[in-house]
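Subject: Structure handover

Hello,

Please find the structure below. My notes on it follow.

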Amino acid sequence: MELHKQLKLVPLKISEDQNGSYIVKDIEKNEYYEMPKLCVDAIRLLEAGTSIDEVETILIREYPNEDINMTEFTQQLIDLELVANMSGKELQSSTKKVKSVKDSFAWITPRFAKLFFNKKMMNLYMVLAIFNVAFFLFKSNAVPQYKDIFITPYMFLNTLMWIVLTFFTILIHEMGHVLAARAKGLPTHLSISNRLFLVVVETDLTAAWELQPKERSRLYLAGLCFDQLVLSLGIMGQLYFQESSLLFALSRLLVLDAMIRILYQTAVFLKTDLYYVIENRTGCYNLQERSMALLRNKGNQTDEPGWLKYFGLLNMSGVFVVIGLGIFYFIPQIYFSLQQYAIPNLAKGSFYFWDGVVFIGQLILFVVFLIVALVTNRIFKKV
Ligand SMILES: [Zn+2]
């Protein structure tokens, strides 16, 4: 690479982040990169028309303790497709496709969205969270039980009720993210896709990188705020409705559903919303990958912050939560529904019989799909 050459970069937007790092946005492609100040200084010099070797001379003078290698950095910029033109040679065509976040919720005005996400409301969600925990501490019989899903004598109806309720509470969770993004005037959209047999609803929060780190974490926290709201509604329903009523049973189901969703957030190893909140609060992006690298590094000298090694412990506790949910909720639910419902129903009259058949059929299908998913994943990973 000839160093006297000049680079023309694609349009970039640079904003200061935390811990001395910067967020560099490729405006046309809508992609974001975290870079240290040194790289940003180099980019600014290149943007001003300074040649590559001149940039190197300036940086060596300004950062005497750093290892400056502009050849390597230029190559990185080319690889990231951030160089539009090198000494007159086009590298990125100016007509490249502009990718932007679909703005499906532009009709939600920031003013309306701010009704849900402002300082006072954030405090309210906090108070609700404390109220919810306190409620379970003082009223231990209100803690959700695995049996809460068995509302009617028909498994088919029980499953259907749980699926419908879960669908709505997931939508409420996602609307939390959407409203928090709209409160900042950012574009966002919901995507509903399927990963094999699971329906996955996701909110696009790419535009969050436009914000300051603290505001960005609010966007990730927003789903959890709405989960707390749902949980409080369920608790209030339990306090308000008669214990034998259907509404009381549905309130309990709502509490079970919200509680599992909230506990699931602590499984940071699955890159849940809480994982991104921690990333943004600490300014340590790619936390998972960096903590794994630190573990493999085994005590050698690194520039990583000292607390990073404790992230492994947090990861571990997340694994225990998931195992706990399995042991105390999912496995007993499947066992109980087979032993108390589906199998005895097979011996009963017509509707009960078919209820048992449908449920067992669903379960077998679920297990088969799960095995297929695991096996194909393994095969694809090997390739
Ligand atoms: Zn979420």
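Is phenylalanine 138 buried or exposed? Phenylalanine 138 is exposed, because 8 other C-beta atoms lie within 10 Å (a residue counts as exposed with 12 or fewer other C-beta atoms within 10 Å of its own, as buried with 20 or more, and as partly exposed in between, the C-beta atoms being placed from the backbone). This residue is part of helix α5, residues 119-138. Between phenylalanine 138 and serine 21 there are 117 residues of sequence separation and 45 Å in space, C-alpha to C-alpha.

Two notes on the source. The model is predicted, so local features need pLDDT of at least 70 and side-chain atom pairs count only at pLDDT 80 or more, while totals for chains, interfaces and linings use all residues. Residues are numbered from 1 along each chain as its sequence is written.

The chain as a whole

The protein chain has 12 helices and eight strands (DSSP runs numbered from the N terminus, H or I of at least four residues for helices and E of at least two for strands). Its C-alpha atoms fill a box of roughly 85 × 50 × 45 Å along the principal axes. Of the 383 residues in the protein chain, 24% are buried.

Helix α11

Helix α11 covers residues 311-346. Its 36 residues should span 52 Å at 1.5 Å a residue, and the end C-alpha atoms are 49 Å apart, which agrees (the expected span is 1.5 Å times one less than the number of residues). At leucine 338, α11 bends by about 40° (the angle between axes fitted to the seven residues ending there and the seven starting there). Buried residues in α11 include Phe311, Gly318 and Tyr329.

Two helix pairs

Helix α7 (residues 213-240) and helix α8 (residues 246-264) pack at about 155°, with axes 8 Å apart (axes are lines fitted to C-alpha atoms over the stretch in contact, and angles run from 0 to 180 degrees between N-to-C directions). That angle makes α7 roughly antiparallel to α8 (over 145 degrees is roughly antiparallel, under 35 roughly parallel, 65 to 115 roughly perpendicular, and the rest oblique). Among the residues making the contact are Leu224 and Val230 of α7 and Leu247 and Phe248 of α8 (contact means C-beta atoms, placed from the backbone, within 7 Å).

Helix α1 (residues 37-47) and helix α2 (residues 52-62) have axes that come within 10 Å and cross at roughly 140°. α1 and α2 are therefore oblique to each other. Their contact is made by Leu38, Asp41, Ala42, Leu45 and Leu46 of α1 with Val55, Ile58 and Leu59 of α2.

Regards

Note on methods: Contact = placed C-beta atoms within 7 Å.
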